[in-house]
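Try each one yourself before reading the solution.

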Amino acid sequence: MEELWAPARGFLERLLAVRLRHPFLIRLCNADEFAKAYGKDPRVADGRRVIGFFQSIGDDYAIVVESGRSRENVLETLIHEFGHALVRTYGFTLSREESEGFSRWLEYRYLMVHGGDAQAGRLLDDPSVYGTGLRLMLERERSLGHRLTFRKLLRRESGSEDGPGAE
Ligand SMILES: [Zn+2]
């Protein structure tokens, strides 16, 4: 797992000019354990199958991923949940579209370099909140250009201060 995750994590931290302050565990669960840990039926969210989620227990963080998935599937899930972990640990309050969009944007940026245009394009075509959120983040990224940082991307107004948004 670590050999799958460490290079992706390095890529994301460089992309965002950020380092995750608090390390988290990666837990692989079978379907039954996953459903129990998730606390509800993982098949019902947006008609999709949930295969990973981010969990905080006190000061500890874990990304829980259903085992028995392909490496690509697991990696995309880890990248997505890493986005949620960042948002949580840095104290941003985001709309669902922003939050899912940000996590999707990380997957998208990773796939553009390490996957392929077809894989990345599939994310863009998603009509759900994941797809609209991704397109929102890409618009913000374009307006930021080379000044892209994690904080700037997640701030609604493109002012000059760094730091979490007020709302
Ligand atoms: Zn998500």
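**Exercise 1.** Leaving aside its neighbours within four places in sequence, which residues is Leu106 in contact with?

*Solution.* Keep in mind that this is a predicted model. With the sequence neighbours set aside, the contacts of Leu106 are Leu12, Ile79, His80, Phe82 and Gly83.

**Exercise 2.** At what angle do helix H3 and helix H4 pack, and which residues make the contact?

*Solution.* Start with the axes: H3 (residues 71-89) and H4 (residues 96-114) lie 8 Å apart, at an angle of about 135 degrees. Angles over 145 degrees would count as roughly antiparallel and 65 to 115 as roughly perpendicular, so H3 is oblique to H4. The crossing of the two helices is right-handed. Next, list the residues: H3 contributes Glu76, Ile79, His80, Phe82, Gly83, His84 and Val87, while H4 brings Ser99, Phe102, Ser103, Arg104, Leu106, Glu107 and Tyr110. Sorted by class, this contact has six nonpolar, five polar and three charged residues.

**Exercise 3.** Which residues touch the most other members of the largest nonpolar core, and which element gives the largest share?

*Solution.* The core has 28 residues, and Leu78, Ile79, Phe82 and Leu106 touch the most other members. Elements giving two or more residues include helix H1 (2-16), strand E2 (52-57), strand E3 (60-66) and helix H6 (129-144). The largest share, eight residues, is from H3.

**Exercise 4.** How many helices and strands does the protein chain have, and what percentage of its residues count as buried?

*Solution.* Count the elements: seven helices and three strands. They run α-β-α-β-β-α-α-α-α-α from the N terminus. Finally, 26% of the 167 residues count as buried.

Conventions:
Residues numbered from 1 in each chain as written. Predicted model: local features only at pLDDT ≥ 70, side-chain atom pairs only at ≥ 80, totals over all residues. Axes fitted to C-alpha atoms, helices over the stretch in contact; angles between N-to-C directions. Helix = DSSP H or I, 4+ residues; strand = E, 2+ residues; numbered from the N terminus. Parallel < 35°, antiparallel > 145°, perpendicular 65-115°, else oblique. Left-handed = near helix turned anticlockwise from the far one by under 90°. Contact = placed C-beta atoms within 7 Å. Nonpolar A, V, L, I, M, F, W, Y, C, P; charged D, E, K, R; others polar. Core = buried A, V, L, I, M, F, W, Y, C linked by C-beta atoms within 7 Å. Buried ≥ 20, exposed ≤ 12 C-beta atoms within 10 Å, placed from the backbone.
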